[in-house]
Amino acid sequence: MATTYDKIATTTLASAAATITFSSIAATYTDLRLVLIGTSTAGGGVRLQFNSDTATNYSNTQLYGFPASAYSGQETNKTYCDLSVFGFEVTNPCFISTDIFSYAGSTYKTLLAEYSGDQNGSGGVARIVNLWRSTSAITSMQLSLSAGNYKIGTTATLYGIKAA
Amino acid sequence: MSLILGILDSGGAAASTSSYESIASATGTGSSGTITFSSIPATYSSLQIRCCILASASNEFVSLQLNSNTGSNYTRHSLQGIGTSAVADGAANSSSINLDGNYWGLQSSYPTVTIIDILDYASTTKFKTVRVFNGQDNNSNRGQVGLCSGVYRSTTAISTVTINISGGINYTTNSTFALYGIKG
């Protein structure tokens with residue numbers, strides 16, 4: 001059987017950064033998985049854009065829990081994917097995993113994101129489906145924040161998953 | 001300060017893992033609402049199926065059957081976010097595992113994406129537990145995202161997985177399904 005789960009690229013920040021970009025992504029795989037773990041300077045929400053598209057081509061539906069109830073929300077015609085619902089916390093590391101399906105295909109692109117961010121009395125957990133209304137293959141992606149920078153030590157890793 | 005990380009066309013500095021392997025894949029035909037993976041070897045610890053689904057018509061649902069068993073041997077629970085609220089439901093003694101909780105359903109232009117994990121699928125002494133994470137958004141108030149757990153009450157090793165659409169509609173040719181094996 002072929003090996004199909006590859007680490008494409010990874011970075012651990014040596015200095016604070018407002019964005020993290022993966023570029024020149026080859027259309028070699030079936031799906032992508034983006035994993036982010038770390039902290040930020042201002043607790044801003046985690047955002048993702050594809051192919052430098054800053055237009056209102058993104059939307060999402062959310063399921064989240066804090067501290068004792070479950071909620072859902074939706075956002076339409078956004079300029080970015082929302083990967084967190086909650087903020088990327090200042091002190092305790094947050095973990096985000098995002099699966100990007102058929103990223104090289106000619107249909108709209110749908111993502112499943114998992115957010116885990118507990119803050120000993122605050123924070124929460126979320127599952128988010130994002131849509132990017134583009135039929136272009138994804139060749140680059142940029143992580144950003146609604147406020148502040150990713151702190152030193154934050155790690156972002158992009159994996160490729162290839163079907164037989 | 002921004003960080004830009006380039007990637008080589010070759011896939012960069014790939015760090016391959018041999019514990020996650022592709023077993024088989026399939027695409028929709030446009031004339032069938034059934035995808036079947038059969039003759040699955042019992043050589044892994046668990047299975048993962050990744051689906052990106054577009055349907056020939058809207059508002060139908062996807063379900064899972066194992067080993068072609070159509071008896072009342074399945075049960076499930078679902079937790080879904082449907083935009084306005086978080087909702088939960090369940091079903092016992094069903095003839096399949098509904099993967100998306102019967103809310104907004106499939107779309108023809110907006111992919112429904114699903115990750116199905118079948119744990120300890122090759123056991124001959126345990127019932128089989130299924131975990132599902134799925135979602136669909138269409139830039140309206142009819143998106144959904146959620147989790148589902150299911151049990152197939154059989155101790156037979158799973159060698160066949162079938163993914164069906166309700167309502168007699170079909171998977172479009174843009175639909176993709178991939179079966180992976182995960183070693184312990």
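In chain B, β9(B) runs antiparallel to strand β10 (residues 128-136), and seven bridges hold the pairing; two strands are said to pair if DSSP finds at least two bridges between them. Before going further, please keep in mind that this is a predicted model, in which local features need pLDDT of at least 70, side-chain atom pairs count only at pLDDT 80 or more, and totals for chains, interfaces and linings use all residues. Residues are numbered from 1 along each chain as its sequence is written, while chains are lettered from A and ligands numbered from 1 in the order in which they are written.

Let's stay with β9(B) for a moment. On its residues 112-119, this strand also pairs with strand β4 (residues 46-53) of chain B, again in the antiparallel sense, over eight bridges.

Now turn to strand β12 (residues 161-165) of chain B, whose side chains alternate. Buried residues have 20 or more other C-beta atoms within 10 Å of their own, exposed ones 12 or fewer, and partly exposed ones lie in between, with C-beta atoms placed from the backbone. Strand β3 (residues 34-37) runs antiparallel to β12(B) and is joined to it by four bridges, with Thr36(B) opposite Thr162(B). Strand β5 (residues 62-66) is antiparallel to β12(B) too, through five bridges, and Ser63(B) has Asn164(B) as its bridge partner.

Stepping back, chain B has 13 strands and zero helices; strands (E, at least two residues) and helices (H or I, at least four) are DSSP runs numbered from the N terminus. Of its 184 residues, 41% count as buried. Among contacts in chain B with a separation of 6 or more, 77% link residues 24 or more positions apart, a contact being two C-beta atoms, placed from the backbone, within 7 Å.

Finally, look across to chain A, where 56 residues are in contact with 53 residues of chain B. Strands that each supply at least two residues to this side of chain A include β2 (19-23) and β6 (69-78), but the largest share, eight residues, comes from β1(A). This side of chain A divides into 24 nonpolar, 25 polar and seven charged residues. Here Ala, Val, Leu, Ile, Met, Phe, Trp, Tyr, Cys and Pro count as nonpolar, Asp, Glu, Lys and Arg as charged, and the others, Gly among them, as polar.
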